[in-house]
Amino acid sequence: MKKLLAIGKHMLMDSLIRQYEAKGFVVDGREELLAEGISINDYDELWVLAGDGEDDRAVAVVGQLALEYDVEQHTGRRLTCHLMVQQAETLRMLQTCDFCKEVRQRADIYPFTTDELWSRSIVLDYVPITIQSERHVHLVICGMGRVAETVAIQAALVAHYPNYTLDHSLRTRITMIDAEAEKLSEDLTKRYRHLFDNSYYRVVKPGEEKVVVKFHHPMYEGKREDFVDVEWEFVVAEPWDADVREKLRLWAGDERQLMTVVMAHDSVDKNQSLALLLPDELYAHPIPIHITPSFKGDGQGVGCYHFALSSHLSLIQMAKNVNYVYDCCYRENIQKWSGELRYAVEIDAEERERSWGRLSNAKRMSCICNALAIATKMRSVGLDADDWEHFYDILQKDIELLAQTEHHRWIVEELILGFRPCTEEEQQAVEADISQKSVLKKRKIHYDLRAYNDLRADETGKSVKIYNLCLCSCLPLIARAFVEEKGGEA
């Protein structure tokens, strides 16, 4: 019988224990973030839940236990560890930087925050956006701070739709409203510099006499085809201000927009109060309004995380499948590929784990981001990831369409992870010597951060579009992890 060690005093602990007991695990739950007296080799899985101010200690505990884990005793299987931290800065560091080699050889560590889990539950395309759609997603976030930023970044990672390929004005728009939104814009544009360098965004200051708007245009505007399909707006005001309320009314009635509102102040009481003050038009249409749940001891929000924890596990399995398809099915054989569509029909579980073990944290994060957007992609071509009877009805024309959408998604992901496009001089260096592409990539400069129609050949001599086409042709196989994780059958 499998055993789980769960460490930490957190409101999610009871939900976590119930979920694992339902899966047949024997669970050992401990409140203190202490590793003394624990033999990690007695367990098959580890969860560490950091409380406020405990991020550093939680990371240290995970590293210590991983170093004590004997892989040979577990027939070569690495320790699976889920690490919940509190601060977005800690999460970003863990997602983009690696533990030491000794830890990585012994453990697969998956960091997350509760804000991130909750943000993933927000469905923005509640009416599917297809290639023919003339609508665009508009996410309105009221508030600033860690929750607002997490919601915005999660949306930027998943909200990519095929109609942008026909009309570049149909970008996803993310509007953030708060009296301190100008400071928020400064913080975000510094933290995600390459994303905002290459995006349209504006800072809007309503005033008694006139509205002041400061525009930012992508750095390559007019020189290269538009390649970022998300735009941003920061409104320096409170949601109850007259100008803002009028804008909300107009947006609610605009049939070209698919609007979602998130109340994302750090105070739950303020979120609930503000939700009641929103214009009636938002409730009349109706428009989804989400209120950030609480983890401050009042018990609110815990129930909605039971599903989120399960989705977290499925997402990791899907990410492994993404990497397997890319690494084992195509990357090694791409020179032999004729260009005809191929479907991978099964996955070698052992090879999948070996391939996953070779990845850096940043590469794993890239695969997780890909998996995170699969449901959105499938809805855009009229398929449902839970409808296995028709899920394999994916068509050649849909694959080609999804490949373009996947490239736009990947661009935003890479910009968020700190990569940037090549300058003109760097492009010329790659064109003169294709091996420079790999050299630049090690410096987080990516030659393929460009419009889909401008993608070029790599070292194999084939267009890198091939990789997007291959991944999209295998979406049914990759997404099967949802069923596998739940113990069901397709």
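Q: Which residue in S10 does Ile174 stand opposite?
A: In this predicted model, strand S7 covers residues 172-178 and strand S10 covers residues 230-236, and the two pair in the parallel sense over seven bridges. Within S10, the residue that stands opposite Ile174 is Trp232.

Q: Which strands stand at the edges of the sheet, each with a single partner strand?
A: The open sheet is formed by seven strands with mixed pairing, and their order is S9-S8-S10-S7-S6-S11-S12. One side of each edge strand is left without a neighbour in the sheet, because each has a single partner strand, and these edge strands are S9 (212-216) and S12 (289-291).

Q: How many of the 13 residues of H6 are buried?
A: Helix H6, residues 146-158, reaches 19 Å from its first C-alpha to its last, which is close to the 18 Å expected at 1.5 Å a residue. A residue counts as buried when its relative accessible area is under 20%, and the buried residues of H6 include Val147, Glu149 and Gln154. H6 is largely enclosed by the rest of the structure, because the number of its 13 residues that are buried is twelve.

Q: Which helix gives the most to the lining of the largest pocket?
A: The largest pocket holds about 1200 Å³ of space, and among the 38 residues that line it, Tyr326, Lys363, Trp410, Lys441 and His446 lie nearest its centre. Helices H12, H14, H16, H18 and H19 each supply at least two residues of this lining. With six residues, the helix that gives the most is H16.

Notes:
Residues numbered from 1 in each chain as written. Predicted model: local features only at pLDDT ≥ 70, side-chain atom pairs only at ≥ 80, totals over all residues. Heavy atoms only, no water. 1 Å grid on protein atoms, 1.4 Å probe; cavity = no way out; pocket = protein on both sides within 12 Å on 5 of 7 lines; lining within 4 Å. Points joined across faces, edges and corners; volume = space filled by probe spheres on them. Helix = DSSP H or I, 4+ residues; strand = E, 2+ residues; numbered from the N terminus. Expected span 1.5 Å × (residues − 1). Buried < 20%, exposed > 50% of the residue type's maximum accessible area, 1.4 Å probe, protein only. Pairing = 2+ DSSP bridges.
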